[in-house]
Amino acid sequence: MLATTAPYQQYFDTDGSPLDAGYVYFGEPDLNPETNPISVYWDAAGTQPAAQPVRTLNGYAVRNGTPTAIYASNDYSQTVRSQRGSLVVYSPRPSSAYNLGYSILNAYPAGTIGARLAQTVSVKDLGAVGDGTTDDTVAIQYAVDWAIANGKALYFPAGRYKVTAAINITSPLAIHGEDPQLPGVPLAAPTMGTWIYIAHNGKGFNVTSERGVSFYQLGTYRSTQVPPVAGVGAYTPTTQEPDYYLATANNPVLERLVLLNPFIGIQYQGIVTGQGGGGVKLRNIRMNALSIGVKIDDSYDTSVLSEVHIWPYWTGSGRYTSWAYMLNNLIGFSFGRVDNPMLTDCFVIFCNIGLHFFAGTNGVVSRMFASNVDVDRSQYGMRLDSADYVTGFFDNCSFHGETTEIAGNGSGVLVNANNCLLRFGLLECGNMGQYGLAVSAGKTANTISVDNLWVDGYALFAGSTANAVYMTGANTFNINGTPVITGPGGSAGPVYSANFDIFAWQTTAPVRASATLYTNTKSRPILVEVSGQNGGVQANVTYSVDGVQIGAQTLGANWYGTFSFVVPPGSTYRVDNFNSILMWVER
């Protein structure tokens, strides 16, 4: 017996019904057939040219109302559109991917596995290859457009998808891939999971949809930015646009992403006239950014950043020259006009500035809430530049400097602005080349409050005379706990600079000195707490009240010591043999 088959191919609409009054275009392989058409024919001999687009009736290509076959002399691409002109499917080479592409268009009863699977379309179903060599730009853009037109999520199976132009997303779309894994060998191209190979200098994803866009489990990488091994030569990366550019209004979501060597990782720019954007949500993102990790401006609603880690992946057994470039140029997080942003559990290492606040066109940060933020081995942990009137609340923040790689003017917190209101819970500034916390000269009306301050090393650059805390002019510093300030450089100034207001439950006296007699002029007892460092030889540090020695500590060469004692009202007191007073608190 001979099995019978349908004499002609049948086309289906997006709802699974036979495509009626549709349009079929044929073109050069891997190109857009509507702009790059080829000759097709009604007959196998190629003597009867068929005009494009070919129309359909009840799912069949027709000639004068009669179903017929279409012939092409070579491989071809194909686009099918509905009678309304909306995209049904595109295939760059139907001979290899066309039937698979159409299998997703079949209609399934609601609640079935088929219906569930039909909610997502794969970019490979629509012609993308993902081998890291084939240019998948056209196929991916068609897949994006098709998924948007048909209300589908877009799936990128594991692979490396090369793109040579930006992928534009103009309407709501969910994109997801398979968990991208960094290569085990530094300088090697990634191979595990889903990766978008951005082989050009423009934007990776260009999102202009006003709502409903999300990215999940994708990696992006740029091979042009791979740095040479240390000692090979200076490293200056190519200036490039962001891997993700989000000119959207309402809360795009980016989660579980890896960005390898972006010049700019993620940029959110709200552009709705008179309204700004509605914020962005970033969760569990790792990147090796070179110039800016995350930049947000004109966000008029809450932006949330959680578990974003920015660090130099290219390390290997030695140091790579990207580190030096990053220390002089990289900004981890950059904020312009952002209303009520929330930043939690984030980490940056080897950067110029960890948290940067700048004056956006339409304002500055208002009411930032940041907790568990670690900026390590960087010039500035947090810096405000011309960003007047910034307000924020920060807790469990650790800012550590880098004094071995470069020489610079690093500080834990630098406020180069006016009228800012900053409140810190626990603030640690360590290993700083210059100041622990500072307000630039000439800047006024700032109020900075710290519940628990720990400055563990400051003025460490040779010749620095910086203070642990520096302010001038009409600025206010509220400190609500006993500060721990240790390890200044050899030329450091006093712990606190003079001429600014300190209000607290204690009186801090940075001008106190060893071997000097003082009197408690208050009508109540005071508690004196002193921390300091001994000189180059062993010494017996003593403290006395009314001429009577009440305590002593024997400190070895260059040892640190801390002690406290009570002074009755009207009594005299002094400390002797302490080479360097780091902190003297009376309360």
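Colleague: Why is Glu 241 counted as partly exposed rather than buried or exposed?

Modeller: In this predicted model, the relative accessibility of Glu 241 is 34%. Buried would require a value under 20% and exposed a value over 50%, so 34% falls in between and Glu 241 is partly exposed.

Colleague: What makes the contact between Lys 203 and Glu 241 a salt bridge?

Modeller: The side chains of Lys 203 and Glu 241 meet with N and O at 2.8 Å. The cut-off for a side-chain nitrogen of Lys or Arg and a carboxyl oxygen of Asp or Glu is 4 Å, and 2.8 Å is within 4 Å, so the pair qualifies. The two residues are 38 residues apart in the chain, with Lys 203 in the loop between S16 and strand S17 (205–207) and Glu 241 in the loop between strand S19 (219–221) and strand S20 (244–246). Lys 203 has a relative accessible area of 19%, which is under 20%, so Lys 203 is buried.

Colleague: How do you know that Asp 179 and Arg 256 form a salt bridge?

Modeller: The N to O distance between the side chains of Asp 179 and Arg 256 is 3.2 Å, and because this is within 4 Å, the pair is a salt bridge. This pair also links distant parts of the chain, since Asp 179 lies in the loop between strand S15 (173–176) and strand S16 (194–198), while Arg 256 belongs to strand S21 (residues 253–260), 77 residues apart. Asp 179 is partly exposed at 28% relative accessible area, and Arg 256 is partly exposed at 29%. In total, the structure holds 10 salt bridges.

Colleague: What makes Asp 339 and Arg 337 buried or exposed?

Modeller: Asp 339 has a relative accessible area of 15% and Arg 337 has 19%; each value is under 20%, so each residue is buried. Asp 339 and Arg 337 form a salt bridge with each other, their closest N and O atoms being 2.8 Å apart.

Colleague: How do you know that strand S4 and strand S5 pair?

Modeller: Strand S4 (residues 54–57) and strand S5 (residues 60–63) are joined by two bridges in the antiparallel sense, and because pairing needs at least two bridges, they pair. In one of these places, Leu 57 has Tyr 60 in S5 as its bridge partner.

Colleague: What order do the strands have in the open sheet of six strands, and what makes a strand an edge strand there?

Modeller: The order is S6-S5-S4-S1-S8-S9, with antiparallel pairing. Strand S6 (66–67) and strand S9 (87–91) are the edge strands, as each pairs on one side only. Helix H3 (residues 137–150) packs on this sheet, touching strand S8 (77–81) and S9, and its direction makes about 160 degrees with that of S9.

Colleague: How do you know that strand S32 is mostly covered, and which strands pair with S32?

Modeller: Six of the six residues of strand S32 (residues 411–416) are buried. Strand S30 (residues 380–385) pairs with S32 in the parallel sense over five bridges, and Leu 384 stands opposite Val 415 in S32. S32 also runs parallel to strand S34 (residues 437–439), to which three bridges join it, with Leu 414 opposite Ala 438 in S34.

Colleague: Which residues have the most contacts inside the largest nonpolar core?

Modeller: That core has 112 residues, and those with the most contacts inside it include Leu 154, Phe 215, Phe 357 and Leu 427. Helix H3 gives the largest share of the core, seven residues. A second, separate core has 15 residues, among them Val 530 and Phe 578. In soluble globular proteins, nonpolar side chains tend to be buried together.

Colleague: What pLDDT does the chain reach, and which element has the lowest mean?

Modeller: The mean pLDDT of the protein chain is 84, and 85% of its residues reach 70 or more.

Note on methods:
Residues numbered from 1 in each chain as written. Predicted model: local features only at pLDDT ≥ 70, side-chain atom pairs only at ≥ 80, totals over all residues. Heavy atoms only, no water. Helix = DSSP H or I, 4+ residues; strand = E, 2+ residues; numbered from the N terminus. Contact = heavy atoms within 4.5 Å. Axes fitted to C-alpha atoms, helices over the stretch in contact; angles between N-to-C directions. Buried < 20%, exposed > 50% of the residue type's maximum accessible area, 1.4 Å probe, protein only. pLDDT = per-residue confidence, 0-100. Core = buried A, V, L, I, M, F, W, Y, C linked by side-chain atoms within 4.5 Å.
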